[in-house]
Amino acid sequence: MGQLIERGRVAYGFMGIQLQELNADLAAGMDLDFDKGIVVDAVVDNSPAEKAGLQAGDVIVEFDG
């Protein structure tokens, strides 16, 4: 709300990835022993995600700690 009042618009962060929620079927197909997390489907060229080393197929199970 603060951004909307101050700037007239809301600025969203851009990481440069397309994500898919990890579920039991997808985890089994990837031969994982867990089914909670997010799978990176695609990474945008020259994005913050690419610069951080993320790749399609990576599984994110925790963020910031």
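**Fold, sheet and selected residues of a predicted chain**

Q: What percentage of the 65 residues in the chain do buried residues make up?
A: This is a predicted model, in which local features need pLDDT of at least 70 and side-chain atom pairs count only at pLDDT 80 or more, whereas totals for chains, interfaces and linings use all residues. Residues are numbered from 1 along each chain as its sequence is written, and side-chain values use heavy atoms, with hydrogens and water left out. A residue is called buried under 20% relative accessible area, exposed over 50%, and partly exposed in between, with a 1.4 Å probe and protein chains only. Of the 65 residues in the chain, the buried ones make up 14%.

Q: In what order do the elements of the chain run from the N terminus on?
A: Helices (H or I, at least four residues) and strands (E, at least two) are DSSP runs that are numbered from the N terminus. The chain has three helices and three strands, and from the N terminus on these elements run α-β-α-β-α-β.

Q: What is the radius of gyration of the chain?
A: The C-alpha trace spans about 50 × 25 × 20 Å along its principal axes. The radius of gyration is taken over C-alpha atoms, and the globule rule is 2.2 Å times the number of residues to the power 0.38. That rule gives 11 Å for 65 residues, and the chain is more spread out than a compact globule because its radius of gyration is well over that value, at 15 Å.

Q: Which strands stand at the edges of the sheet?
A: Two strands pair if DSSP finds at least two bridges between them. Three strands form an open sheet in the order 1-2-3, with antiparallel pairing. Each edge strand has a single partner strand, so one side of it is left without a neighbour in the sheet, and the edges are held by strand 1 (17-21) and strand 3 (59-60).

Q: How many bridges join strand 1 to strand 2?
A: Strand 2 comprises residues 38-43 and runs antiparallel to strand 1. Gln 18 stands opposite Ala 42 in strand 2, while Glu 21 stands opposite Ile 38 in strand 2. The number of bridges that join strand 1 to strand 2 is five.

Q: Which residue in strand 3 is the bridge partner of Val 39?
A: Strand 2 and strand 3 pair in the antiparallel sense over two bridges. The bridge partner of Val 39 in strand 3 is Val 59.

Q: With which residues is Gln 20 in contact, leaving aside its neighbours within four places in sequence?
A: Gln 20 has its place in strand 1 and counts as partly exposed because its relative accessibility is 32%. Contact means heavy atoms within 4.5 Å. Leaving aside neighbours within four places in sequence, the contacts of Gln 20 are Leu 26, Ile 38, Val 39 and Asp 41.

Q: Is Ser 47 buried or exposed?
A: Ser 47 is found in the loop between strand 2 and helix 3 (48-51). Not counting residues up to four places away in sequence, Ser 47 touches Phe 14, Met 15 and Gly 16. Its relative accessibility is 2%, and therefore Ser 47 counts as buried.

Q: Which residues make the nonpolar surface patch of about 350 Å²?
A: Patches are made of residues with over 30% relative accessible area and no salt bridge, where like charges are joined within 9 Å and nonpolar side chains (Val, Leu, Ile, Met, Phe, Trp, Tyr) within 5 Å; a salt bridge is a side-chain nitrogen of Lys or Arg within 4 Å of a carboxyl oxygen of Asp or Glu, and accessible areas come from the Shrake-Rupley method with a 1.4 Å probe, only the protein chains shown counting as cover for residues. Leu 4, in helix 1 (residues 2-7), counts as partly exposed because its relative accessibility is 48%. Leaving aside neighbours within four places in sequence, Leu 4 is in contact with Arg 9 and Val 10. The patch is made by Leu 4, Val 10 and Tyr 12.

Q: What is the phi of Asp 31, which is not a glycine?
A: Most residues other than glycine have a negative phi. Asp 31 has its place in the loop between helix 2 (24-29) and strand 2, and it counts as exposed because its relative accessibility is 72%. Its phi is positive, at about 60°.

Q: What is the phi of Asp 64, which is not a glycine?
A: Asp 64 lies in the segment after strand 3 and counts as exposed because its relative accessibility is 74%. The phi of Asp 64 is positive, at about 55°.
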